[in-house]
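Open the model in your viewer, colour it by secondary structure, and keep the selection panel at hand.

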Amino acid sequence: MTVSNKTALVTGASRGIGAAIAKRLAQDGFTIIVNYAGNAAAAEDLASVIEKAGGRALTAQADVSDPAAVARMWDAAEAAFGGIDVLVNNAGIMRLARIADADDALFDSQIGINLKGPRNTMRLAAKRLREGGRIINLSSSVVGLYQPTYGIYAATKAGVEAMTHVLARELRGRNITVNAIAPGPTATALFLDGKPAAVVETLAKLAPLERLGRPEDIANAVAFLAGPDGAWINGQILRANGGIV
Ligand code: NDP
């Protein structure tokens, strides 16, 4: 362990990339708040894996699109640990449809979770993250790929990238960095569910490194930005994608 007495809130940490981030930051010495939406069992399992490995973790249910729920979670984390040092905005959903076919429910749900969610947490973080803190947002390399059916999802992530750049500047004088990681195709339910094996294979081969990302690949990049070695990186978007774009 290289960091101590620091707390990291990871949204959407019950599964996929968020769970890998939570595990890695716990190994690095952070106390973890494992946020989730509905999957309490997976969140509790992860917290006990972290605790058994000698780390500290607390689970916190909150739909990130709900400002009141996010505020309650933040209050509870501060009450338990005295403050939050690192915010990882990882929770997200992906619903694909051509812009011509995307209905309002598809649009509103993605805007609510992927864009309003990070805004809800960043609004609190901007005022209450501890000195020396780090904010790390999850964007996506689809912002640079422009594939059909990804329009609404990519728009939410482009919005996250814009807020990343702006908040980095708004936090001048606070010694807080704000960055985003933009993964490429990564082997989680969000990417794999509903895709035929042949499509997965084709997408896996798109990157020059010719494989899908693993959640741990993304967690490694987040750990860099959250840890001492990432201290001078601010207002940047880091594409962690094997070179796909
Ligand atoms: P998964 O679908 O595997 O996991 C999503 C996580 O987000 C779960 O923990 C889920 O909680 C949580 N979540 C969903 N909705 C909410 C909500 N309203 N409030 C709080 N938590 C919520 O996704 P990934 O791990 O693949 O994706 C993580 C992030 O990485 C997302 O932002 C995604 O857009 C981004 N990304 C993913 C890529 C990929 O190829 N996988 C590529 C580029 C970016 P629960 O278990 O309770 O449902």
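Two strands count as paired if DSSP finds at least two bridges between them; helices (H or I, at least four residues) and strands (E, at least two) are DSSP runs, numbered from the N terminus. The model is predicted, so local features need pLDDT of at least 70 and side-chain atom pairs count only at pLDDT 80 or more, while totals for chains, interfaces and linings use all residues. Residues are numbered from 1 along each chain as its sequence is written, and side-chain values use heavy atoms, with hydrogens and water left out.

**The sheet.** Select the 7 strands: they form an open sheet in the order β3-β2-β1-β4-β5-β6-β7, with parallel pairing. At the edges stand β3 (57-61) and β7 (237-240), each with a single partner strand, so one side of each has no neighbour in the sheet. On average, neighbouring strands are turned by 20 degrees against each other, direction ignored; axes are lines fitted to C-alpha atoms, for helices over the stretch in contact, and angles run from 0 to 180 degrees between N-to-C directions.

Next, select residues 86-89 and 134-138. These are β4 and β5, which run parallel and are joined by 4 bridges. Asparagine 89 stands opposite asparagine 137 in β5.

**Helices on the sheet.** Show α6 (residues 151-170), which packs on the sheet and touches β5, β6 (177-183) and β7; contact means heavy atoms within 4.5 Å. The direction of α6 makes about 155 degrees with that of β6. Then move to α2 (residues 40-52), which lies across β2 (31-36) and β3 and runs at about 165 degrees to β3.

**Helix α8.** Select residues 197-206. Which residues of α8 are buried (under 20% relative accessible area; exposed is over 50%, partly exposed in between; 1.4 Å probe, protein chains only)? They are Val200, Leu203 and Ala204. These cover an arc of only 105 degrees around the axis, which puts them on the same side of α8; the arc is that of the directions from the helix axis to the C-beta atoms. Ala198 and Thr202, on the other side, are exposed. The cover over the buried residues includes α7 (189-192).

**The ligand.** An oxygen atom of the ligand is 2.8 Å from a polar backbone atom of asparagine 39. At threonine 186, a polar backbone atom is 2.8 Å from a ligand oxygen atom.

**Alanine 207.** Finish in the loop between α8 and α9 (215-226), where alanine 207 lies. Alanine 207 is buried, with a relative accessible area of 4%. Not counting residues up to four places away in sequence, alanine 207 touches Asn241, Gly242 and Ile244.

Key: Polar contact = N/O pair within 3.5 Å; in protein donor to acceptor, adjacent residues only side chain to side chain.
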